[in-house]
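Okay, thanks for coming, everyone. I'd like to walk you through one structure today, starting with the aromatic residues and then moving on to the strands and the cores.

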Amino acid sequence: MMQRLANDGRIHILHVVGRLDIGGAESRIMDLYRNIDREQIQFDFMQHTSDICAYQNEVESMGGHVYHVPRFRIYNILQYRKSWKQFMQAHPEIQIVHGHMTSVAGLYLPIAKKYGNAYTIAHARSAGVDKGIKGFVTNIFRRNLSEKCNQCFTCSDLAGVAVFGERAVQEGKVKMIPNAISVGRFEYQEQKRNELREALGIEKDAYVIGHVGRFNAVKNHAYMLDIFECCYRRDSKCRMMFVGDGGLKEEMMKKAKDKGLEKYIIFTGNQKNVVDYYQAMDFFILPSFYEGLPGTAIEAQATGLRGILSDRVTKEALVTDLMKQMSIDLPADEWAKEILAKIVYQRTSHVEQVREAGYDVEEQAERLSEFYLGVCNNENRD
């Protein structure tokens with residue numbers, strides 16, 4: 001593949017997402033974007049909405065473009081395919097299409113290859129699908145996905161098998177790309193902790209159980225509220241903090257009110273300075289039904305937080321001894337007892353341990369730059 005440089009003299013990589021909002025995959029891509037060599041490589045983004053989303057201004061400030069196609073809804077498959085065909089024909093500067101939205105990657109990646117002569121990457125970031133018809137359709141469109149792209153990436157073995165199949169993983173078709181973070185930003189800072197807790201009205205002797213993530217079914221927020229209720233009934237100094245937004249937020253706020261716990265739960269909404277909120281927590285929980293490899297668990301460990309992850313989460317997320325796993329089939333009180341037994345401790349940063357485990361975004365940005373440039377110079381092209 002010969003380099004087709006844009007007018008700015010750089011190679012353009014198109015990252016495909018659902019919405020360019022604050023979320024796990026999007027945050028990881030943006031961390032890479034901030035650290036990649038932008039004199040050689042430019043990230044552009046394709047999102048499945050025409051909304052102005054959270055990261056758009058930052059992307060454009062760094063020279064990137066944000067494009068959009070219609071959200072895929074099965075009945076608009078012809079329109080969806082046509083939109084991609086027209087886009088690729090109109091943008092010959094795009095050499096690589098890096099698809100993080102694997103639910104429909106089986107549609108758009110072959111089009112990108114055929115009509116844009118692009119090198120295509122499918123990136124598995126989740127180890128499960130939604131229940132019902134949506135999950136059924138996702139599995140259909142993911143069928144043989146490893147054969148419809150040039151390269152398969154995954155954030156964990158579990159996600160790789162879930163998206164590409166066990167055979168593709170065993171045959172070495174899937175390349176591991178850890179969900180790296182800007183490790184240095186997550187150094188524990190007592191002053192930041194105290195300032196934010198005071199701003200949020202959190203008592204000095206309170207114990208804050210925290211979670212960072214979108215309010216969608218896979219995160220299991222209802223179970224988290226049950227866990228917190230058990231914690232609070234055992235120790236009234238407990239508080240709960242939810243960082244994030246999403247479709248189920250209002251329902252969870254109502255559930256908290258119905259339990260009579262609304263005064264003791266903080267719903268912060270999305271926060272760009274999420275590191276400050278980890279500082280304010282005392283314990284982290286992630287009882288998800290499934291995950292690829294949750295970056296939030298890595299971030300929490302870097303700041304020195306103890307925590308519990310669901311037994312459905314890949315063990316690769318346990319990069320320090322701060323985290324353990326428990327079954328989400330257990331009564332919520334079992335989680336509560338474990339939390340209260342571990343919530344008092346001397347907190348210290350674990351930045352170096354996380355960096356040594358391979359989750360430093362600066363190092364990963366260098367490796368990914370080499371991969372992209374190698375593709376464009378025919379070194380990595382299949």
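So, let's begin with a charge over a ring: arginine 38 lies over the face of tyrosine 33, with 5.9 Å to the ring centre. Keep in mind that this is a predicted model.

Tyr33 belongs to a cluster linked by ring pairs, together with Phe43, Phe45, Tyr119, Phe153, Phe371 and Tyr372. Across the model, the count of aromatic pairs comes to 19. One of them is phenylalanine 43 with tyrosine 372, an edge-to-face pair at 6.1 Å centre to centre and 85° between the planes. I like this one, since it links distant parts of the chain: phenylalanine 43 sits in strand 2, residues 41-47, and tyrosine 372 in helix 15, residues 361-376, so we're talking about 329 residues apart. Are these two buried or exposed? Phenylalanine 43 counts as buried because its relative accessibility is 0%, and tyrosine 372 counts as buried because its value is 1%.

Here's another pair for you. Tyrosine 223 and tryptophan 335 are also edge-to-face, at 5.8 Å centre to centre with 75° between the planes. Tyrosine 223 lies in helix 9, residues 221-234, and tryptophan 335 in helix 13, residues 332-342, so this pair ties together parts that are 112 residues apart in sequence. Both tyrosine 223 and tryptophan 335 are buried.

Okay, on to the strands. Have a look at strand 5, residues 119-124. How many of its residues are buried? Six of its six. And that goes for both faces: Tyr119, Ile121 and His123 are buried on one side, and Thr120, Ala122 and Ala124 are buried on the other. Tyr119, by the way, is one of the residues in that ring cluster I showed you.

What does strand 5 pair with? On one hand there's strand 4, residues 94-99, which runs parallel to strand 5 and is joined to it by four bridges. In that pairing, glycine 99 stands opposite alanine 122. To get from strand 4 to strand 5, the chain goes through helix 4, and that β-α-β crossover is right-handed. On the other hand there's strand 6, residues 151-154, also parallel to strand 5 and also joined to it by four bridges. There, alanine 124 has threonine 154 as its bridge partner. Strand 5, helix 5 (residues 133-142) and strand 6 make up a right-handed β-α-β unit as well.

Back to strand 4 for a moment, where you'll find glutamine 95. With a relative accessibility of 0%, glutamine 95 counts as buried. Its C-alpha is 9.0 Å from that of valine 375, even though glutamine 95 and valine 375 are 280 residues apart in sequence.

Last topic: the nonpolar cores. The largest one has 67 residues, and the members that touch the most others are Trp84, Val97, Phe164, Met241, Tyr278, Met281 and Phe284. Which element gives this core its largest share? That would be helix 4, residues 105-116, with six residues. And remember, helix 4 is the one in the crossover between strand 4 and strand 5. Then there's a second, separate core of 32 residues, including Leu20, Val59, Phe371 and Cys376.

How values were computed:
Residues numbered from 1 in each chain as written. Predicted model: local features only at pLDDT ≥ 70, side-chain atom pairs only at ≥ 80, totals over all residues. Heavy atoms only, no water. Core = buried A, V, L, I, M, F, W, Y, C linked by side-chain atoms within 4.5 Å. Buried < 20%, exposed > 50% of the residue type's maximum accessible area, 1.4 Å probe, protein only. Helix = DSSP H or I, 4+ residues; strand = E, 2+ residues; numbered from the N terminus. Pairing = 2+ DSSP bridges. Right-handed = clockwise from strand over helix to strand, strands pointing away. Phe/Tyr/Trp six-rings, centres within 6.5 Å; stacked < 30°, edge-to-face > 60°. Lys NZ or Arg CZ within 6 Å of the ring centre and 35° of its normal.
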